[in-house]
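Please look through the structure below slowly, with its sequence at hand.

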Amino acid sequence: EVLDAPEWQEPRVWVAYRAGDGALLRDIVTMYPRLFPGFEAYLGAWHEPWPAVLERAEDALVGDVSDLERVVAARFRAVALAQLHHLDWEVAFQEALARPQSDRDRGLLHLEFGHQLVSAGQEAAARDAWAQAATYLKGDVWALTQAYSNLGISCLRLDDLPAAERALGRAVQLAQHPDAWGQLSIAWRGLGSLYLWSGQLARAEHAYRLAEEKADDVPLTVMARRGLGRVLRAQGHLDEALEVLRSALHHASVRTGDRHAAFTDLAGVQVLIGDSNGARDSLARVQSGDVVEGWRAQIVRAELARREDDPEWASYLSGVPAGHHLVREEARIYPETLSALGLTELTPNWRIDVNLDGPVRVQTPTGVLGLKTGEASLLAYLLVNQGSVAVERVLEAIDVGSGDLRQRRRQLNRTVQHLRETLGWPAAVHHTRTLVTLSREPEWNVRLPHDPARCDYFCEGLQDPWVTEYRSDM
């Protein structure tokens, strides 16, 4: 009863907002309508019409409210103006940023600004906004993880792949925290998109499977399965892609006649296997709304029409932007259709460069991998032996610690597992009781010292028996 007294409502609102307790916040503003218009705008952004959100935010900015509430109101006034396509929405964000506020509120404002900039097609500016958000959100692990995930996706869209991997890798690290609920699946999904785009299909498949495993609600699971379906499609595993996409629709409880965005993915695979009727039925059930999803549906319609010899098939691509990242990705799957937009995209060759002339250095299409000593030695040893070595030879060549044969085998198991994790997919190294084999899916490009004067620099820093022997034979 004491907490329900009017004089307690302002501190309760503040606590509810800081704690992210939407239910408590909604209870308070419902009990005291128009007393907290800034927080009504905050809550309204999830379900109210944008004119109503704008009205409440502006009421707060001219009313007798706390400084905290003015900060929140300024943020959602800017969001509402952006959603309503007002010409001065960016000015509103700059005005909101100019207000004195906590680091967390400033970070959340940059986070919102980034979303609106993406919607306006300003990807480079959004990247900067999300980088700014990350500098201010150190005390909010959930929002900080989101900032890094968004930053990574922006870097991907801007073709800065190493920066994308750094940001998304940081998001995965942060998302291990219990307070970052829901974010781990999103971060792994971002890495899946990065690896798919860069042609590292096995890494992409693994990332999307982890995104599915870490999903803690139905929409996240469905999105992870949709991403996995795209990877399987790129790998040519069309039957498995169909199975995964149908399971996504089933998991989303899609019933006969319902619409869902995943029908775009399903139709895209059905076209490839020649199921024109199925593709047509799926396209009729695509849920409209998202602009990018709309472009993807247009591309599938164009592919279907082209395969059916419709002379007007290219007209289905009207308004589809050739430069958009996901459109370019689709061009790898439907090259003849997307050639109408002047696109000639090919899936990149997955090449891993391993430098053994000096310290072992492994460069993937998205960045340098940090290998520990044991992992580096095992990888190098496999590479100079055509990728496959008997377990007994590995145990003789590499220092896996002391102990009897069983203990050394266990240590080798651990080293192999760590190497798999570092390379980024479970099948990177195949290990049986008799053989250790490196995956042949990527192209391994090994650089060795060619000058005898540099023989001592071979695998610099490694002192395993095989390294010493190799140097002496050079």
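This is a predicted model: local features need pLDDT of at least 70, side-chain atom pairs count only at pLDDT 80 or more; totals for chains, interfaces and linings use all residues.

C459 is found in the loop between strand β7 (443-447) and helix α23 (465-473), where helices (H or I, at least four residues) and strands (E, at least two) are DSSP runs that are numbered from the N terminus. C459 is buried, since its relative accessible area is 0%; buried means under 20% relative accessible area, exposed means over 50%, and partly exposed lies in between, for a 1.4 Å probe and with protein chains only. The phi angle of C459 is near 50°, which is a positive value in a residue other than glycine. Most residues other than glycine have a negative phi.

Residues are numbered from 1 along each chain as its sequence is written, and side-chain values use heavy atoms, with hydrogens and water left out.

Now take the protein as a whole, which has 23 helices and 7 strands. The C-alpha atoms fill a box of roughly 85 × 60 × 40 Å, taken along the principal axes. Of the 474 residues of the protein, 51% count as buried. If we look at contacts (heavy atoms within 4.5 Å), residues 24 or more positions apart account for 54% of those in the protein with a separation of 6 or more. The protein exposes about 22,700 Å², and carbon and sulfur atoms supply 50% of this area, which was calculated by the Shrake-Rupley method with a 1.4 Å probe; for residues, only the protein chains shown count as cover.

The protein has 50 positive and 66 negative side chains, and the centres of the two sets lie 4 Å apart. Here Lys and Arg count as positive and Asp and Glu as negative, without His and the chain ends, and the place of a charge is taken as NZ of Lys, CZ of Arg, CG of Asp or CD of Glu.

A second residue with a positive phi is D159, where the angle is near 65° in a residue other than glycine. D159 lies in the loop between α9 (141-157) and α10 (161-174), and because its relative accessibility is 40%, D159 counts as partly exposed. Leaving aside neighbours within four places in sequence, L161 is in contact with L156, L194, W197, S198, P365 and T366.

Another loop, between α15 (262-272) and α16 (276-283), holds I273, which is partly exposed at a relative accessible area of 39%. Not counting residues up to four places away in sequence, I273 touches L238 and L242, whereas the C-alpha atoms of I273 and L81, 192 residues apart along the chain, are separated by 45 Å.

What is in contact with E330, leaving aside its neighbours within four places in sequence? The residues are R233, R296, I299 and L338. E330 itself has its place in helix α18 (residues 325-333) and is buried, with a relative accessible area of 1%.

Finally, consider the aromatic rings, of which a search of the whole structure finds 12 pairs. Rings of Phe, Tyr and Trp (its six-membered ring) pair if their centres lie within 6.5 Å, and planes under 30 degrees apart count as stacked, over 60 as edge-to-face and the rest as tilted. The rings of F93 and F113 have their centres 4.6 Å apart and their planes at 10°, so this pair is stacked. The pair links distant parts of the chain, with F93 in helix α6 (residues 89-97) and F113 in helix α7 (residues 103-119), 20 residues apart, and both F93 and F113 are buried. Elsewhere, Y17, F39, Y42 and F76 form one aromatic cluster, and the charged end of R104 sits over the ring of Y17, 5.6 Å from its centre. A charge sits over a ring if NZ of Lys or CZ of Arg is within 6 Å of the ring centre and within 35 degrees of the ring normal. The charged end of R454 likewise sits over the ring of Y457, 4.4 Å from its centre.
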